[in-house]
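This report describes a predicted model.

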Amino acid sequence: MASEQIKSIIKQTMRIATTPSIRKTCLPNVHVGRVEKHLPRTPVLYQPSIVIVLQGSKRGYIGDRICTYDADNYFVTAISMPFECETFASEDNPLLAITINI
């Protein structure tokens, strides 16, 4: 069960990310994202960043490695990284994430 602090962060994030999209915040290089459906495995290019998933989950495929990032696991890349990504979310349980570009 999520702590009260996490619940508060989720509530604040949902106030910013009211619809499926990626939105800038008032903090430089910080974005929040919301996805409300499963997105199949798709090629992506991440810039150097930290991705903190508050709700829902993502799976990254890098060669033979699979990286899962969710409420218990964050994702960090110090270099631009091409890989494939799959998102697990629904309208009832949208993926909510905070990305910090570094």
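Apart from neighbours within four places in sequence, Thr77 contacts Tyr46, Gln47, Pro48, Ser49 and Ile102. Thr77 belongs to strand 7, which spans residues 75–77. Because its relative accessibility is 2%, Thr77 is classed as buried, the cut-off being under 20%.

The Thr77 side chain also approaches the backbone oxygen of Ile79, at 2.7 Å. Within the strand pairing, Thr77 of strand 7 is the bridge partner of Ser49. Strand 4 and strand 7 are joined by three bridges in the antiparallel sense.

## Sheet and helix

An open sheet is built from five strands in the order 1-2-9-4-7, with antiparallel pairing. Strand 1 (21–24) and strand 7 form its edges, each pairing on one side only. Ignoring direction, neighbouring strands of the sheet are turned by 20° against each other on average.

Helix 1, residues 4–16, lies across strand 1, strand 2 (30–35), strand 4 and strand 9. Its angle to strand 9 is about 85°.

## Nonpolar cores

The largest nonpolar core comprises 13 residues. Tyr46, Val51, Val53, Tyr69, Phe75, Phe83 and Leu95 have the most contacts inside it. At least two core residues come from each of strand 4 (49–55), strand 6 (65–70), strand 8 (81–88) and strand 9 (95–101). Strand 8 provides the largest share, three residues.

Not counting residues up to four places away in sequence, Val53 touches Tyr69, Asp70, Ala71, Leu95, Leu96 and Ala97. A second, separate core contains seven residues, among them Val32, Leu54, Leu96 and Ile98.

Definitions and conventions. Residues numbered from 1 in each chain as written. Predicted model: local features only at pLDDT ≥ 70, side-chain atom pairs only at ≥ 80, totals over all residues. Heavy atoms only, no water. Core = buried A, V, L, I, M, F, W, Y, C linked by side-chain atoms within 4.5 Å. Buried < 20%, exposed > 50% of the residue type's maximum accessible area, 1.4 Å probe, protein only. Helix = DSSP H or I, 4+ residues; strand = E, 2+ residues; numbered from the N terminus. Contact = heavy atoms within 4.5 Å. Polar contact = N/O pair within 3.5 Å; in protein donor to acceptor, adjacent residues only side chain to side chain. Pairing = 2+ DSSP bridges. Axes fitted to C-alpha atoms, helices over the stretch in contact; angles between N-to-C directions.
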